[in-house]
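This report describes selected helical, core and surface features of one protein model. The sequence and structure are shown below for reference.

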Amino acid sequence: MRLIATLVLLAVPAAAAQEGMIPPHLAAELGIPQEKVRKVRDLAFEANEALIPLEAELKKAQLSLERQLQSDSPEEAQVEKWVEAVSRAETAVRKNRIGLMLKVRKVLGSEIWHRLEAMRQEERRGMPDRPPPPRPPEPPRPPSP
């Protein structure tokens, strides 16, 4: 239980940074007033809450498209219908994310926004690449005669 709580706490800053919030160390380094940090956090929570049903719709549309494509004889009209549904859902998700970015830029102002983005890019460059996922074990070989 303690390990799970620790993992959750460790994951929060990374998730927050990815979901529109300003990591505390960057906010402090840039001297962003707490009022603006709170406003950005509130905007991020609102956008992220609105994102939940949008992502659910996207996953449903993707699943329906995949189901149609995996059928023995996919109907072209149904495939096109689901491709359009996936496109609409992807656009809704993208609008949510870009809308959040524009609101955050407005709150922070151009100068702080550009400095924050530069610092985030610098942090990303310093992060080591993720190691490749482990390879599945090879099947057993038949015994040699």
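What should helix α5 span, at 1.5 Å a residue, and how far apart are its end C-alpha atoms?

## Helix α5: span and faces

The model is a predicted one. Helix α5 comprises the 17 residues 110-126, which should span 24 Å at 1.5 Å a residue. Its end C-alpha atoms lie 25 Å apart, in agreement with that expectation.

The buried residues of α5 are I112, W113, L116, M119 and R120. These residues cover an arc of only 130 degrees around the axis, and therefore they lie on the same side of α5. An α-helix has 3.6 residues a turn, so residues three or four places apart point the same way. E111 and R125, on the other side of α5, are exposed.

## The largest nonpolar core

The largest nonpolar core contains 19 residues. Within this core, I22, I32, V40, L100, V104, L108 and L116 touch the most other members. Two or more residues are given to the core by each of α2 (24-30), α3 (34-70), α4 and α5. Helix α3 provides the largest share, five residues.

In soluble globular proteins, nonpolar side chains tend to be buried together.

## A nonpolar surface patch

I98, M101 and L102 make a nonpolar surface patch of about 250 Å². Of these, M101 is found in helix α4 (residues 76-108). The relative accessibility of M101 is 32%, so M101 counts as partly exposed; the partly exposed class lies between buried, under 20%, and exposed, over 50%.

How values were computed
Residues are numbered from 1 along each chain as its sequence is written. This is a predicted model: local features need pLDDT of at least 70, side-chain atom pairs count only at pLDDT 80 or more; totals for chains, interfaces and linings use all residues. Side-chain values use heavy atoms; hydrogens and water are left out. Helices (H or I, at least four residues) and strands (E, at least two) are DSSP runs, numbered from the N terminus. The expected span of a helix is 1.5 Å times one less than its number of residues. Buried means under 20% relative accessible area, exposed over 50%, partly exposed in between (1.4 Å probe, protein chains only). The arc is that of the directions from the helix axis to the C-beta atoms. Patches are made of residues with over 30% relative accessible area and no salt bridge: like charges are joined within 9 Å, nonpolar side chains (Val, Leu, Ile, Met, Phe, Trp, Tyr) within 5 Å. Accessible areas come from the Shrake-Rupley method with a 1.4 Å probe; for residues, only the protein chains shown count as cover. A salt bridge is a side-chain nitrogen of Lys or Arg within 4 Å of a carboxyl oxygen of Asp or Glu. A nonpolar core is a set of buried Ala, Val, Leu, Ile, Met, Phe, Trp, Tyr and Cys residues joined through side-chain atoms within 4.5 Å.
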